[in-house]
Amino acid sequence: MRNRGAALHELVCRELGFADYRDDGRFPDVRQQLLEVKLQTSPTIDLGLVCPDSEAALDVPQIAGRQIRHCDVRYAIFYAQTDGVTVTLTRFYLTPGESFFSRFPQFQGKVLNKKLQIPLPSDFFR
């Protein structure tokens with residue numbers, strides 16, 4: 001069974017007019033549209049490894065001689081509720097990365113924007 005995020009990505013691709021599912025697991029989700037899709041059932045947004053307002057170059061070809069940056073990516077944020085079986089979309093926001101933090105407050109905790117990894121002991125595979 002597919003997870004609900006993948007089902008939403010497929011629906012978004014279809015609504016954008018793509019005949020096939022375009023999410024290949026890289027950032028952004030729909031590269032041809034510079035669109036990152038997020039399904040939220042909690043009050044926080046998992047950004048993964050990319051800071052939306054970063055001006056770092058994105059690994060895509062230049063467009064009209066211009067290098068696309070992470071902050072040029074658009075974010076489609078879908079808020080939803082679930083009863084464990086059915087997912088009901090409740091709100092939708094579309095925002096460019098450069099404006100992301102003016103619409104959504106950044107969690108201040110440890111201000112750490114990376115996936116946490118738990119190291120295995122060096123003799124784990126012996």
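1. I begin with a single residue. His70 is found in the loop that runs between strand 1 and strand 2 (74–82). The model in which it is placed is a predicted one.

2. Is His70 buried or exposed? Its relative accessibility is 15%, and because burial is defined as under 20%, His70 counts as buried. Setting aside neighbours within four places in sequence, the residues in contact with His70 are Phe27, Val50, Cys51, Pro52, Ser54, Ala56, Ala57 and Leu58.

3. One of those contacts, Cys51, deserves a comment of its own. Cys51 is partly exposed, at 24% relative accessibility, whereas Cys13 is buried, with a relative accessible area of 1%. A disulfide is a covalent bond between the sulfur atoms of two cysteines. How many disulfides does the structure hold? The count is zero.

4. Of the 126 residues in the protein chain, 30% are buried. Considering contacts between residues at least 6 apart in sequence, 46% join residues that are at least 24 apart.

5. Strand 1 and strand 2 run parallel and are joined by six bridges. Within this pairing, Leu39 stands opposite Phe78 in strand 2. As background for the student, in a regular strand the side chains alternate between the two faces of the sheet.

6. Rolling a probe the size of a water molecule over the atoms shows where empty space is left. The second largest pocket holds about 250 Å³ of space. It is lined by 15 residues, and those closest to its centre are Asp29, Glu36, Val37, Lys38 and Asp46. Helix 1 (4–15) and strand 1 (35–40) are the elements that give two or more residues to this lining.

7. Which element gives the most to the lining of the second largest pocket? It is strand 1, with five residues. By residue class, the lining of this pocket comprises six nonpolar, four polar and five charged residues.

Note on methods: Residues numbered from 1 in each chain as written. Predicted model: local features only at pLDDT ≥ 70, side-chain atom pairs only at ≥ 80, totals over all residues. Heavy atoms only, no water. 1 Å grid on protein atoms, 1.4 Å probe; cavity = no way out; pocket = protein on both sides within 12 Å on 5 of 7 lines; lining within 4 Å. Points joined across faces, edges and corners; volume = space filled by probe spheres on them. Helix = DSSP H or I, 4+ residues; strand = E, 2+ residues; numbered from the N terminus. Nonpolar A, V, L, I, M, F, W, Y, C, P; charged D, E, K, R; others polar. Buried < 20%, exposed > 50% of the residue type's maximum accessible area, 1.4 Å probe, protein only. Contact = heavy atoms within 4.5 Å. Disulfide = S-S within 2.5 Å. Pairing = 2+ DSSP bridges.
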